[in-house]
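Here are my notes for a colleague new to this entry. Please read them with the model open.

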Amino acid sequence: MRFLSAVSLALCAGQAIAHADGGVPVPRLAGARKFMREFQGDKKWEQAVRSATAALSKERREVEERGEIEARQGNTNGRCGSRYGSCATGYCCSYEGYCGRGEEYCTSPDCQINYGSGCDGNQKPSGADTSNIPRPKVGNVRYGGVGVYDCVNDGDIALTFDDGPWDYTNDLLDKLAKYQAKATFFITGTNLHKGKINDPATPWPSVIQRMAAEGHQVASHTWSHENYSQLTTAQYKNQIYWNEIALNDILGYIPTYMRPPYSICPANTCGSQLADLGYHAIYFDLDTEGYLHDDPTQIQISKNIWDKTVPGSNPCRTSYLQIEHDIHYQTVYNLTDYFLDSLVKSGYRSVTVGQCLGDAPENWYRAGSKPVPQYTFTPRPATGTWPCLTQTATSTAAPGPTSTLKVSTDGNCGSGVTCQGSVYGNCCSVNKYCGASIDYCGNGCNAQFGSCSAGDDPLPRSVHCPHLLVEQRDTEPVRSVICCSDTNRMETDICALCSDAPIPDDPDD
């Protein structure tokens, strides 16, 4: 199945289009967050999309002026598309540009919705209109704009699955339940000729209800997975509203999270529209390319990508927002168990996107025909020997009392580790580092994991300063100890002179 025309693929080769069956390879984003941040501000790609959209609109206007876009009587098996016009009413214009009916012609998103009124993507679901639902912006997660690429909570891996529900999704839910894992499903309303998701004659309503009932996050992936750059504003709103209608019909509420198909959503157009509609645009920073390797002989490639990224990384300092697709057999029946087993052993939690972004569950949805239900699920605690974890993966003993805290030995605090009595200082900062200055002890200080005060806390006499600055003055090296402040410790490694601390012996002296 082809999700993109050759023009679209050429335009979007630099973007993370993690959706095309048998399509072109796309960038693997693990470890490439700098690239993604730079990409967010790059206007060249957006200009290319605008140019392509303008060209498509111009061509469409020319066709309209020639009167060829109107449905032609009797065009049930002829050519269709921008050069030929539309099919007869109720017929579909296939990806190749032929009129007809049935799966080969009507399957979205391949069916050309501008030239075939019978395309699956042109079929509005039944249900109450959602366009008048109030859409206040709550919480701290960005709405629309350039979107969100990373989790904010260290130790979290947000597994996400696009394009479903599909034949394999119930089995995927079984696997997640086995590991007590939570995930996010970006739901497409009518792709792959599966019917409308709220059609009671299909299995999809019960699958989606099960997702929500088991604590997974239900989000939108638009109605029929169309390419934004090929849609009018009205068509794009239908892609959002129609999916809402179906989800409200199934659940009684609608999501505030969505993922743009093909990751095509220029910030100043699509991103602005999503902000107005009250949606968070969610992308990803880990893509194992399971959609490219949906074969038993190739799926190891996706496992290798995972293994080069997650095992051995530090869950106390790292998180991932991953993308997968539950429409692919190998992803569900091969990769899922592999990933879940690995992330647990690596000290991570499998959580929803909302959880990894620190967003309160009540913000994930808007009330529709029913109130948003209370979210009562707690992620399975991470285990391992990392200092930020309270349990070990190999321990068989019952967990100790939660009031028992370990003194920090590496400058980290929180999750069962206190700074009180630590050589780094007694205060646990908002970013969970031990220290003794106002940056650590003042605003945001975690009193649960150390002492807090309005001013500097006395430094321990045997304070350990982690960095050694060696300066060359004339011919004699001069050693000075420098200490990283909490605000730049992980970012720039620019540190201030630690004036009163003892200078450790240099092992080379």
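1. Phe377 has contacts (heavy atoms within 4.5 Å) with Lys182, Ala212, Ala213, Glu214, Gly215 and Gln355, leaving aside neighbours within four places in sequence. Phe377 and Lys182 are 195 residues apart in sequence, yet their C-alpha atoms are 9.1 Å apart in space. Phe377 sits in the loop between strand 12 and strand 13 (406-407). Its relative accessible area is 29%, so Phe377 counts as partly exposed. The classes are buried, under 20% relative accessible area, exposed, over 50%, and partly exposed in between, with a 1.4 Å probe and protein chains only.

2. A word on the basis. This is a predicted model, where local features need pLDDT of at least 70, side-chain atom pairs count only at pLDDT 80 or more, and totals for chains, interfaces and linings use all residues. Residues are numbered from 1 along each chain as its sequence is written, and side-chain values use heavy atoms, with hydrogens and water left out.

3. Now the whole chain. It has 12 helices and 19 strands. These are DSSP runs numbered from the N terminus: helices are H or I with at least four residues, strands are E with at least two. Of the 509 residues, 52% are buried. Among contacts with a separation of 6 or more, 66% join residues 24 or more positions apart.

4. Arg366 lies in strand 12 (residues 365-367). Arg366 is buried but has no salt bridge. That term requires a side-chain nitrogen of Lys or Arg within 4 Å of a carboxyl oxygen of Asp or Glu. The nearest side chain of opposite charge is Glu244, 6.6 Å away. What does the side chain of Arg366 reach at 3.0 Å? The backbone oxygen of Gly278. Gly278 is also among the residues that Arg366 touches, including Ile133, Tyr143, Tyr253 and Val372.

5. Helix 10 (residues 329-345) has 17 residues. From first C-alpha to last, helix 10 reaches 24 Å, close to the 24 Å expected at 1.5 Å a residue. The expected span is 1.5 Å times one less than the number of residues. Helix 10 also bends by about 45° at Leu335. That bend is the angle between axes fitted to the seven residues ending there and the seven starting there.

6. Which parts cover the buried residues of helix 10? They include strand 3 (156-162), helix 5 (169-178), helix 9 (299-307), strand 10 (320-325) and strand 11 (349-351). Among the buried residues of helix 10 are Val332, Leu335, Phe339 and Leu343. After helix 10 comes Gly347, with a positive phi near 90°.

Notes: Lys and Arg count as positive and Asp and Glu as negative; His and the chain ends are not counted. A polar contact is a pair of N or O atoms within 3.5 Å; within protein, one must be able to donate a hydrogen and the other to accept it, and residues adjacent in sequence count only if both atoms are side-chain atoms.
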